[in-house]
Amino acid sequence: MPEYKINDLLKKFRQGTILPEEQAFLETWYLNWNSDNQHFTEDEINAAKSKVWLSLNSPVHRLKPWYWLSAVAGILLFIIVFWFYKERVDSPRTNLVVQRARTDFKPGGNKAILTLANGEEVSLGNPAKGDVASQGTVQVTETETGKLVYKGRKEISEAVMINKLTTPRGGEYQLVLSDGTKVWLNAASSISFPAAFEGNYRKVSITGEVYFEVAHDKKKPFLVTAREQEISVLGTHFNISAYQDDEFVTTSLISGAVRVTNLKTKVEKSIRPGQSATTSSANDDVLIHAIDRDEILSWKNGYFQFDNQNVYSIMKVLSRWYNVDVQFLSDKNTEHFGGTFSRGKQLSEILANLEKLGNVHFTITPKKVIVTD
């Protein structure tokens, strides 16, 4: 469904050039208008009526009966638009999801849980805690900018101490490992890692979606395990998406070089910057595809970028970031959507924009979002 502006449709309505689907949209907009928002005076209503009659001032005897009915409907619509444009001059219509919503969901923020080697859990997020813990010879600190930093001393630790950083739904977090590798965790994600890297490898495991900027060390390859996939690098920038409720594990390379192994079949392939490697439990191979780097990095850079995605995959992404459950009243929607949206917006604003783009409707309740065609 295209995006309509009410004033454009009214102009077509007055000129008699409005298309049937446009008139249906106009009437639907009116029927779903919330009359509680009506705050104009009787004088303003009368002035609005006068403007409508002047706009429809074709010779009366030449008007067809159906046009008279449309003119009456036009009066009501113009009154609504009169109020609407007093509030938002020359702006697109506010979508129905916004007008219906009696509750809303705020965007996610900087928060995570750190599980130390002894099982102790530390809540992270604003305000920053400063020194969090000591893990062997490594000091763990939460900076003022909301980042967890592991800084090791020169002594060698006697035992490997495994820590785990977990973000909830509605959370994200940054981490600097003891070797200087930078890590970004998306919502509902985790990374398990040693407080200090020892031996011939730097090895971590992840769930969810994680972006890495790996510190270069040719003597110690960096290994990441994500479900049935293992990624081996020396120093590079890459993104891994490995949510349990997604069919695929996808590693996307931004710069450097990466080797991806399917742990189930031992199939191994290298990818170049601008490519992704995908594995799944249903496929024995490692599949290579070209990527849109901006789309891959969008979550890390503070926005959603959807490129011809269906409503089911989009709502899965939104449910993680806004920590909200989603109920579909139909599983047969074939609409696909594209667009870029800020991750800092309220959920209702994102859904309102999606309603403009296609045949889908959302109802926000205190506990979930209901999706209908």
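This is a predicted model: local features need pLDDT of at least 70, side-chain atom pairs count only at pLDDT 80 or more; totals for chains, interfaces and linings use all residues.
The largest nonpolar core has 41 residues. Leu-114, Leu-148, Leu-165, Ile-191, Phe-212, Phe-238 and Ile-240 have the most contacts inside this core. Strand 10, residues 202-213, supplies the largest share, with 4 residues. Leu-165 shows how such a position is surrounded. Leaving aside residues up to four places away in sequence, Leu-165 touches Ala-112, Ile-113 and Leu-114, among others. Its partners also include Leu-124, Leu-148, Tyr-173, Leu-175 and Leu-185. Ser-189, Ser-190, Ile-191 and Phe-193 are on the list too. Another core, of 22 residues, lies apart from the largest one. Among its members are Phe-341, Leu-347, Val-360 and Val-369.

Three strands form an open sheet in the order 20-23-22, with mixed pairing. Strand 20 (325-328) and strand 22 (361-364) are the edges, and each pairs on one side only. On average, neighbouring strands here are turned by 25° against each other, direction ignored. Strands of a sheet pair through backbone hydrogen bonds, either parallel or antiparallel. Strand 20 and strand 23 (residues 368-372) take the parallel sense, over 4 bridges. In this pairing, Asp-325 stands opposite Lys-368 of strand 23. Two helices pack on the sheet. Helix 7 touches strand 20, strand 22 and strand 23, and its direction makes about 160° with that of strand 20. Helix 8, residues 347-357, touches strand 22 and strand 23. The direction of helix 8 makes about 160° with that of strand 22.

Now the charged pairs. Side chains of opposite charge can pair when their charged atoms come close. The structure holds 11 salt bridges. One of them joins Asp-246 and Arg-320, at 3.4 Å from N to O. This pair links distant parts of the chain, 74 residues apart. Asp-246 sits in the loop between strand 13 (237-242) and strand 14 (248-255), while Arg-320 belongs to helix 7 (residues 311-322). Both Asp-246 and Arg-320 are buried. They also belong to a network of salt bridges that links Asp-245, Asp-246, Lys-316 and Arg-320.

Two further bridges involve other residues. Arg-227 pairs with Glu-228, with the closest N and O atoms 3.7 Å apart. Arg-227 counts as partly exposed because its relative accessibility is 24%. Glu-228 has 14%, so it counts as buried. In the second pair, Arg-259 and Glu-268 bring their closest N and O atoms to 3.2 Å. Arg-259 is partly exposed at 35% relative accessible area, and Glu-268 is partly exposed at 47%.

Thr-261 brings residues of both pairs together. This threonine lies in strand 15, residues 258-262. Its relative accessible area is 10%, so Thr-261 is buried. Beyond four places in sequence, Thr-261 touches Glu-228, Gln-229 and Glu-230, as well as Lys-266, Val-267 and Glu-268.

Finish at His-336, in strand 21 (residues 336-342). Is this histidine buried or partly exposed? His-336 is partly exposed, because its relative accessible area is 42%. Its C-alpha atom is separated by 4.4 Å from that of Asn-310, 26 residues apart along the chain. His-336 touches Asn-308, Gln-309 and Asn-310, not counting residues up to four places away. The His-336 side chain also reaches the backbone oxygen of Thr-334 at 3.1 Å.

Notes: Residues are numbered from 1 along each chain as its sequence is written. Side-chain values use heavy atoms; hydrogens and water are left out. A salt bridge is a side-chain nitrogen of Lys or Arg within 4 Å of a carboxyl oxygen of Asp or Glu. Buried means under 20% relative accessible area, exposed over 50%, partly exposed in between (1.4 Å probe, protein chains only). A nonpolar core is a set of buried Ala, Val, Leu, Ile, Met, Phe, Trp, Tyr and Cys residues joined through side-chain atoms within 4.5 Å. Contact means heavy atoms within 4.5 Å. A polar contact is a pair of N or O atoms within 3.5 Å; within protein, one must be able to donate a hydrogen and the other to accept it, and residues adjacent in sequence count only if both atoms are side-chain atoms. Two strands pair if DSSP finds at least two bridges between them. Axes are lines fitted to C-alpha atoms, for helices over the stretch in contact, and angles run from 0 to 180 degrees between N-to-C directions.
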